Structure formats: C-alpha cells, structure tokens
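Trainee: I would like to go through the labels attached to this model and see what each one rests on.
Mentor: Then ask about them one at a time.

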Amino acid sequence: MTTKTFTWERGPFDTCWKCGEKEAFGILSVGGDRVVKRCTKCRHSHAETLPDLDKKVIYLDQFAFSELHKVRSGTRRPDKWSDFWAQVDDLLTRAVLLQQAVLPHSDIHHKETIVSPFAGALRDTQEAIGGDIEFVSTNDIQLSQIEEFARAFFAGDDPRVTFDVDDVLEGDRNSWLPDMRITVGMDWSSFVPDTRKGRDETHASVASLIEGWRKAGDGFDEVLEREFGAYLASRQDALRHSMKRFEQGLAENDLFALAEFSHGFVQREIELVRRHARKAGVVEDRLTGATTEFWNWNGNREQPFAKISAYLFASLAAQFKGGRSKMPTPGLLNDINAISAYAPYVDAMLVDNECAELLRHGRCLKELSYKARIFSLSSATAFIDYLRSVVDLTPVNVGREASQLYGIG
Ligand SMILES: [Zn+2]
C-alpha cells in the first residue's frame, strides 16, 4: 500500500518502461492533437498523437445555457421540463467530452448574459459546458459577406460565399480539450444598466416596427420587399444616427462615443466598400457615388445574413397580419441575429419556440437554405434524438482515448 502524494501527473497510471516503476506513468497534459505522459518517478516523458476529430458545432441560445446552469448548480425548480434539461445536460457533457461537439459562445450571449442576475456564474458555466471556443461576432460575419458582395459588384462577377464553419469560429474546433481548465471570473455587473437600456430600446423599435406594419396592413410580401428595398435607406439612417452620436460625443467630451464612431458597423461597411471600389479603379471623388450604387444593387438580396433576416421579419409580419396580438419576447431580435448569422454554418441550433416558428413559414421553408437543423422546445424529443446520435456516432478509437483522458464511460 503506497501513500497518496501529490503529483502533476494523473491517472490512469501505467508501469514506466524507462525506470520500471509500477503505477507511475501518467497523463501530464492534453491539448491540440496530443497527450503528454510522464513518469512521476524518473520524469521520463513522451507525447502521443491523438486521433483526428471533426466536431459538430451546436449553437445554444441564452435560455438553454441558463437552464443548463440551473441544472448544474442545483437551482432549477422542478417542472415538466426537468427531465428534458437533465437529459440535455448529460448528452451535451458526453458529446463535448467525447470530443464530438463544441457549443461556442457568441457576442449575442454576452449581450444577454449581462442582463442576467447571475451573470458571472452563467458565463463560467457557458465556457465550461461549451469547450473554450467562441463564434466570430454576428457583425463580423455579416461584414465579411458584404465584403464578398462588394468585391463581386465592382469586379463585375458573381459573389462566391462559402460556409465553412471554421471561418466563423475563434479558436481551433478540432483540438482535444485541455483536461484542466481555469476560468477567470470576470465581473460584468458594471455593464448592466447600459445593456438593459440597449435592450429596452431595441425592443421598443421592434414594437414600433410591428405597429407600422399593422397600420399599413403589411404582410409577408410587403415586408420582404421593404426589407430588401431598404438597404440604402437603412445605411443612410445608420449614418445619420452615428453622426448624431459623434457630435454628441464631441460636445460632451465622451471618448467612448468617439471611438465607437470609427468602429461602428456602417463606418466599417463604408470602408470596405470603398476599398473594393478603389481596387476596381474608381477615382476618389466618385467613391461616395459608387458606394450608393452598391447599396442600391439588387444582387444584395442574396447576401445570406440579410436574406435570412428579411425572411424572418416577413414571417413575423405574416403572423401579425394573421391575427397575432402577443408582442414578441425581448430576446427575439437577438435570436433573429443569431439565426441569420450562424444557421448557414453550424450543424444545429437550439432556439426559442417563437423564433423557430418563424422559420416554419412556407416561404421560409421553400426559399431559404442553410445548413443548421433548428430545434426548440416544441421539437424537444427530436433534439434529444439528435444529441444521442452525435454521441453514438463517436468513432471507437476516439471514444477509447476520450474515456481514458477525461474519465468518462
Ligand atoms: Zn520512470
């Protein structure tokens, strides 16, 4: 019987082939595509290459992360969904540890997390559940699509958009998870008032949008046309709005507002459109005109982000025209953004019923194409089945290594 002393290495331990010590050769670290093993006695170490991975990318909305957090911290009040969330937690944990899936977090989560009463803890859970990987922000995804359309417009050819999921992830999807992870808790609470204000404002703007549709009697077709036709006008609006913020910032000596101006979405868009115009030989004093021509280009209807989001709004309008009276939940705009940005790239998304329902409109089903399978609580069983298939399809050699490295059965 040996006494347990602290070692950097951990089990399972083998006999060291170098010094012959029994139960001494253990796991030192895991990461990338390799595991390093070392002898606790003679310190002999070597690295082994691990099997290649191809992890599924699953987007969970904030609601799902928050439910999982409650399951894990034992604070979830029992209800008819208790069983579902416990199963989801179990299957996701297995899928992540078996190196079959990642659940990246995004700027949308950060926006939502900040308004949650347990922001810090939830963020930790998010990172712990998901594997340490992040989505490129929704704005950056949209801008990179706009960039390709601007390039094509000025070069006079067709836009070529590819939907490689690794292009919208920060970090390496297919690296073996480090077995020991340290998350530094960050206090987000100081951001709360502003974000809440931002959310109330966007919610109010959705309400006035719906009011506008109602007054005009607009349904699916009208709103779709309006969304597509509003490209130029929405950019002009955004510019006016940001100019106003800039002048206000200047008057109030608000450096943050000034910095925001140059990094704002519409400024970045103008910058990249002009860059491609210049490349195509447009002279300096024609650049503004060329930008306007691009914004008026009919081809922009095929921009993936813009197209999906236009259809979602049109579908929402159809619901209100069809007699819906209940206002959307405050998170709807975030869900619309998430679906518009990520659905063409990821394998699956678990979102709010309300948003999943928008995608079930006949025109959306027929005219939108994207890679993701969309799930919500109204397709709860299908989601469980999906997760189970992800776990079950783990290659045997990957499963064998994973169960050794992370201690799962
Ligand atoms: Zn040894």
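Predicted model: local features only at pLDDT ≥ 70, side-chain atom pairs only at ≥ 80, totals over all residues.

Trainee: What makes Cys 16, Cys 19, Cys 39 and Cys 42 donors of the zinc ion?

Mentor: Their SG atoms lie at 2.3 to 2.4 Å, and the cut-off for a donor is within 2.8 Å of the metal. The four therefore count as donors.

Trainee: Why is the site of the zinc ion called tetrahedral?

Mentor: The angles among the four donor atoms are 107 to 112 degrees. Four donors count as tetrahedral if all angles lie between 85 and 135 degrees, so the label applies. For reference, the ideal angle for four tetrahedral donors is 109.5 degrees.

Trainee: How are the donor residues of the zinc ion spaced in sequence?

Mentor: The spacing is C-x2-C-x19-C-x2-C. Cys 19 is in the loop between β1 (10-14) and β2 (25-31), while Cys 39 belongs to strand β3 (residues 34-39), so this pair ties together parts 20 residues apart in sequence.

Trainee: Turning to the charged pairs, why are Arg 76 and Glu 67 said to meet in a salt bridge?

Mentor: Their N to O distance is 2.4 Å, and the cut-off is within 4 Å, so the pair qualifies. Arg 76 has 16% relative accessibility and Glu 67 has 7%. Both values are under 20%, so both residues count as buried.

Trainee: What separates Arg 94 and Asp 90 along helix α2?

Mentor: They are four residues apart in helix α2 (residues 82-97), which means a separation of about one helical turn. Arg 94 is partly exposed at 33%, as is Asp 90 at 38%.

Trainee: How do you know that Asp 218 is buried?

Mentor: Its relative accessible area is 8%, and the limit for buried is under 20%. Its salt-bridge partner Arg 226, with closest N and O atoms 2.3 Å apart, has 43% and is partly exposed.

Trainee: Which residues do salt bridges with shared partners join into one network?

Mentor: Glu 67, Lys 70, Arg 76 and Asp 79. The structure holds 28 salt bridges.

How values were computed. Residues numbered from 1 in each chain as written. Heavy atoms only, no water. Salt bridge = Lys/Arg side-chain N within 4 Å of Asp/Glu carboxyl O. Buried < 20%, exposed > 50% of the residue type's maximum accessible area, 1.4 Å probe, protein only. Helix = DSSP H or I, 4+ residues; strand = E, 2+ residues; numbered from the N terminus. Donors = N, O, S within 2.8 Å, 3.2 Å for Na, K, Ca; no water. Tetrahedral: all angles 85-135°; square planar, octahedral: opposite > 155°, others 65-115°.
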